[in-house]
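This briefing describes the architecture of a protein model for a reader who is new to structural description.

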Amino acid sequence: MTIAAAERPAVSARDIVKRYGGVTALNGVSLDVQEGEIFGIIGPNGAGKSTLFDILCGITVPTTGSIRIMGNEIAGVPPHHIARSGVARTFQRTAVFAESTVLENLLFGRHTSFHHGVLGRIFGSKTFAGDQQAFQTRAEEVLTLIGLDGERHRKAGVLAYGVQRRLAVGIALMSDPKIMFLDEPAAGMNGRETADFIALIRAIAPGRTILIVEHDMAVIRQLCGRALVVVDGKPVVVDAPHHVLSHPEVVTAYLGADDDE
Amino acid sequence: MIDSKQVGVSDRKMSGRTAREASSVACALIVIAVFAYTFSDPFVVTLAGYTCAFALFALSINIILGGVGEVPLGQCLFFGVGAYGAAIGMGKLGLPFQVSVFIALILSVVLAAIIGVITLRLTGAYFSIVSWGLTGVAMVAATNLEEVTGGPLGLFGFPPIEIGPLQLSDPQTYFAVTATILLLAILFLVALRRSPFGAAMDSVRQNRHLARSVGVDVARVRLKAFMLSAPFAALAGALAVPYTQIVTPEVFSVANTVDGLLMVLLGGAQLVVGPVIGAAMFTLIPQAMNLDPNIRILVFSSIIILIMMFAPGGLHQLGVALRDRFGGKTDDDRSR
């Protein structure tokens with residue numbers, strides 16, 4: 001299935017197939033995510049959402065099919081190179097650097113923007129001073145955005161779960177990415193945390209393209225302009241969330257398979 | 001790494017920090033000088049020199065253990081390369097000590113590059129076991145290449161070991177040289193920890209996948225750390241030669257690596273000076289208590305178990321905890 005393409009989609013996938021031995025996890029998924037869009041990927045457990053997600057951000061190589069990010073084919077490009085081209089992602093479980101402080105986490109997120117070396121650090125070179133200045137400015141912005149201004153010196157591992165997720169977004173934001181992939185960002189959050197999180201995503205959305213794989217329908221409904229439903233590795237429908245959720249095939253496949261939603 | 005603690009802190013405090021570091025270096029230099037020239041017992045001074053050499057080895061192990069989070073059971077391979085390099089260069093080729101050591105250092109880096117490319121694809125126990133296996137290969141080679149290595153008896157009977165005018169056979173000079181090299185190594189590693197590469201290592205150790213997602217080339221960072229750790233171990237091996245005066249295939253024994261690992265665990269892996277504290281304890285305690293080598297292992301195994309139970313961060317963590325308890329400091333104070 002192909003959606004009407006605009007000039008240059010931020011993320012575009014064509015006929016993605018992924019087989020693990022005899023199991024077909026994904027079977028012919030195509031999608032186009034326009035620049036500036038918040039795009040949702042939903043589906044019941046085991047539908048292939050996470051596989052699709054990992055393929056789109058270059059962690060997993062598809063059996064066949066092609067992915068373009070900002071018009072560039074990503075086949076054969078190592079994940080850290082994709083990350084350096086302005087693409088950031090968060091993880092479902094291993095979200096933060098638990099042993100480090102909030103501020104050090106943000107520092108790690110800034111990795112690609114540092115230009116000074118060990119000698120520059122020893123002798124306090126201009127490059128080092130510039131890097132430090134840029135890091136401080138960006139860190140203050142991000143700390144305010146994610147609401148962790150007062151927690152900067154606390155260890156990430158001791159923070160509440162919902163707060164860790166906000167920090168994970170903060171790490172991703174440090175490189176000021178153009179495209180962000182969020183893997184089940186609201187999983188395991190309580191109602192209050194989810195509401196805070198939705199507000200955070202809204203605040204950072206302008207000027208970015210955001211892809212969200214999510215289980216929580218409320219999140220998709222409140223954030224996404226369009227959502228793709230994947231069932232049994234096949235794309236079912238792409239549309240505005242309220243249309244998607246009333247689509248007959250989605251109702252039977254998705255809601256029938258998962259009582260919570 | 002850029003010192004994250006400095007964000008939002010005034011310039012005055014930053015220069016205070018630098019001044020404190022400069023004064024610690026000055027203090028260390030004074031301690032080295034005083035120790036080297038006041039202690040008259042040549043045995044104690046030589047042992048202190050050897051401790052400094054072995055502390056370098058512990059630092060090398062800690063680049064991998066505390067840096068990227070692998071347990072380098074094969075690190076004595078590079079220690080052996082340094083020791084044999086110095087011994088073969090001096091004894092067989094008639095090269096000056098420093099030239100032999102320099103060649104050995106280069107060799108160790110090349111060897112680390114080759115081994116690293118192959119073994120660093122593995123992680124956890126797999127990496128440890130394969131690297132341990134390679135030291136077995138080295139031991140067999142050293143035992144059998146009699147022409148080069150002297151076989152099972154090893155190499156001994158070196159000409160007087162000297163670096164230019166510095167006679168390493170003189171205990172005080174030996175100590176001063178090894179201690180100064182150790183100090184330089186510590187300074188370098190402190191700067192390394194705070195550099196972007198140090199931050200990259202730390203992120204790789206804590207969470208490889210997340211590190212990759214923020215643009216860290218995980219494989220490259222691991223390889224660079226491995227290649228960086230090798231010359232430290234080789235230097236340690238070479239600087240041990242003036243003390244041991246003999247190099248046998250035993251240098252490739254895993255017991256050697258385990259000694260270094262124990263030092264790191266004793267002192268604490270998350271701090272650059274941790275392994276140095278550990279090395280000092282590791283050589284001083286048996287000396288002071290006049291322990292039999294077999295009992296030594298028993299004592300240290302027990303100490304390690306106690307440390308792992310009550311202070312997983314090593315003696316350094318224990319020291320900080322005690323200071324905070326009696327100095328009335330809270331977590332919050334410390335983070336400032």
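In chain A, strand 1 and strand 2 pair in the antiparallel sense, over 8 bridges. The model is a predicted one. Chain A holds 10 helices and 10 strands, whereas chain B holds 15 helices and 4 strands.

**The open sheet of 4 strands in chain A**

- The order of the strands in this open sheet of chain A is 2-1-4-5, and the pairing is antiparallel.
- Its edge strands are strand 2 (23–33) and strand 5 (72–73) of chain A, each of which pairs on one side only.
- A:V11 has A:I69, in strand 4 of chain A, as its bridge partner.
- Helix 1 (residues 49–56) of chain A lies across strand 1, strand 2 and strand 4 of chain A. Helix 1 of chain A runs at about 125° to strand 1 of chain A.

**The open sheet of 6 strands in chain A**

- Another open sheet of chain A has 6 strands in the order 6-7-8-3-9-10, with mixed pairing.
- Strand 6 (87–90) and strand 10 (234–239) of chain A stand at the edges of this sheet; each has a single partner strand, so one side of each is left without a neighbour in the sheet.
- From one strand to the next, the twist averages 15°.
- Strand 6 of chain A pairs with strand 7 (residues 179–183) of chain A in the parallel sense, over 4 bridges.
- Within strand 7 of chain A, the residue opposite A:V87 is A:I179.
- Helix 6 (residues 161–173) of chain A lies across strand 6 and strand 7 of chain A, and runs at about 165° to strand 6 of chain A.

**The contact between chain A and chain B**

- Chain B gives 26 residues to the contact, and chain A gives 34 residues.
- On the side of chain B that touches chain A, the elements that give two or more residues are helix 7 (171–194), helix 8 (196–206) and helix 9 (208–213) of chain B.
- Helix 8 of chain B supplies the largest share of that side, with 7 residues.
- The side of chain B that touches chain A comprises 12 nonpolar, 9 polar and 5 charged residues.

**Helix packing in chain B**

- Two packed helices are described by the angle between their axes and by the distance between the axes.
- Helix 8 of chain B packs with helix 10 (residues 218–244) of chain B at an angle of about 110°, and their axes are 10 Å apart.
- Because angles of 65 to 115 degrees count as roughly perpendicular, helix 8 of chain B is roughly perpendicular to helix 10 of chain B.
- The crossing of helix 8 of chain B with helix 10 of chain B is left-handed.
- This contact is made by B:A200, B:M201 and B:V204 of helix 8 of chain B, together with B:V218, B:V221, B:R222 and B:A225 of helix 10 of chain B.
- By class, the residues of the contact of helix 8 with helix 10 of chain B are 6 nonpolar, no polar and 1 charged.
- Helix 11 (residues 254–267) and helix 13 (residues 293–310) of chain B pack at about 40°, with their axes 10 Å apart.
- The angle of about 40° makes helix 11 of chain B oblique to helix 13 of chain B.
- Helix 11 and helix 13 of chain B pass each other in a left-handed crossing.
- The contact is formed by B:L262, B:L265 and B:L266 of helix 11 of chain B and by B:F300, B:I303, B:I304 and B:I307 of helix 13 of chain B.
- The residues of the contact of helix 11 with helix 13 of chain B comprise 7 nonpolar, no polar and no charged.

**Overall dimensions**

- Chain A has 10 helices and 10 strands. Its radius of gyration is 19 Å, close to the 18 Å that the globule rule gives for 261 residues, so chain A is as compact as a globular protein of that length.
- The C-alpha trace of chain A spans about 65 × 40 × 35 Å along its principal axes.
- A compact globule of 336 residues would have a radius of gyration near 20 Å, and the 20 Å of chain B agrees with this.
- Along the principal axes, the C-alpha atoms of chain B fill a box of roughly 60 × 50 × 40 Å.

Methods:
Residues numbered from 1 in each chain as written. Chains lettered and ligands numbered in written order. Predicted model: local features only at pLDDT ≥ 70, side-chain atom pairs only at ≥ 80, totals over all residues. Pairing = 2+ DSSP bridges. Contact = placed C-beta atoms within 7 Å. Axes fitted to C-alpha atoms, helices over the stretch in contact; angles between N-to-C directions. Parallel < 35°, antiparallel > 145°, perpendicular 65-115°, else oblique. Left-handed = near helix turned anticlockwise from the far one by under 90°. Nonpolar A, V, L, I, M, F, W, Y, C, P; charged D, E, K, R; others polar. Rg over C-alpha atoms; globule rule 2.2 N^0.38 Å.
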